[in-house]
Amino acid sequence: MATPAIEFRDVSKMFHRRFSEERIAALSNVSFEAAAGEVCAFLGPNGAGKTTSINSLMGFLFADSGQVRVLGCEPGDIRAKQHIGFVPENFAFYKYLTGPKLLRMHRALAGQRENGGSRVPDLLAQVKLNGYETLKIGRYSRGMVQRLGIAQALLADPQLLVLDEPTSGLDPAGRKDVLQLLMDLKAQGKTVFLSSHILPEVEQICDRVVIMDRGRLVRAGRLAEMLAGGDRVEIVVDHLPEETEQAVAARGAVVARDPHGVRLLAEAALKRELVEALWIAGCDVIAMNPVKSTLQDLFLKLVGDYKGAK
């Protein structure tokens, strides 16, 4: 069995409030894994424990209990760090340097050679920063800084990319470019572990999803399996008698009325049963459209259900 690129096993982390005895559980018995070559989305509302998890993965924090493994090594092990590219959510570069000088400085800090000097220009072109080689970073836009951060993460041609909000600050065209870049990296066999709040974009590229809330794991698995069986259908009818509305609602349909007719939203498996009931009631079915379950629907349902749990 192949070694997971990322593995959390019953990981817990507590923080103490300053000048207080109060203890806060940032992570509580969290277990999940991401396989090599996957794009794994790490999701959750603010305060869910994502940053603590990423810091534990990178070796910036140590778990109180449980085990974290990255590329088969302990977090912080140099053998793993040589093969990881990291972009934190909030970062800052030396404003008086140009993009090429900053990337060459990072290469030197990592003990890497220039290899003819082509790597830096190629990376700048890859993140659409070519043409700005003489511009100081202090004059970059927020989106340009984000692109430069991704370029520095790719310097060592890493096996694993850990990205915290990689499309933050980018316009729609920039976000599209970054998503395509991540897809290209996946095609090269790279593993991408990314945190993002832009769920429709995440859904386009991820293979696996890990959802956190209040320090606990809510759900983890392959996206296709998590969305399977969640497909729905929209049925539009010309009218809907009150007694029929009650009958279809009892079958699980959600009814919405508007000036153009009546719309019913229900599980796809119920469509034949509902249509037959509508026909018997004398309703004309104007249209029937499939409605696919989305990652955003799943996220809101799971986080909402978990917040309501005791």
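Predicted model: local features only at pLDDT ≥ 70, side-chain atom pairs only at ≥ 80, totals over all residues.

User: How many cavities of 30 Å³ or more does the structure hold?

Analyst: A cavity is space where a 1.4 Å probe fits but cannot get out. With the cut-off set at 30 Å³ or more, the count for the structure is 1.

User: Which helices each supply at least two residues of the lining of the largest cavity?

Analyst: The lining consists of P166, T167, L179, L182, L194, S196, I198, E201 and V202. One helix that supplies at least two of the lining residues spans 172–187 and another spans 199–205. These are α6 and α7.

User: What is the volume of the largest pocket?

Analyst: A pocket is an open set of points. For the largest pocket, the lining comprises 22 residues, with K81, I84, F86, A110 and Q152 nearest its centre. Its volume is about 650 Å³.

User: Which element gives the most to the lining of the largest pocket?

Analyst: Two or more lining residues come from each of α2 (78–81), β5 (84–87), α3 (99–109) and α5 (142–153). The top contribution is 4 residues, and it comes from β5.

User: How many residues in the lining of the largest pocket are nonpolar?

Analyst: The lining of this pocket includes 6 polar and 2 charged residues. The nonpolar residues number 14.

Definitions and conventions. Residues numbered from 1 in each chain as written. Heavy atoms only, no water. 1 Å grid on protein atoms, 1.4 Å probe; cavity = no way out; pocket = protein on both sides within 12 Å on 5 of 7 lines; lining within 4 Å. Points joined across faces, edges and corners; volume = space filled by probe spheres on them. Nonpolar A, V, L, I, M, F, W, Y, C, P; charged D, E, K, R; others polar.
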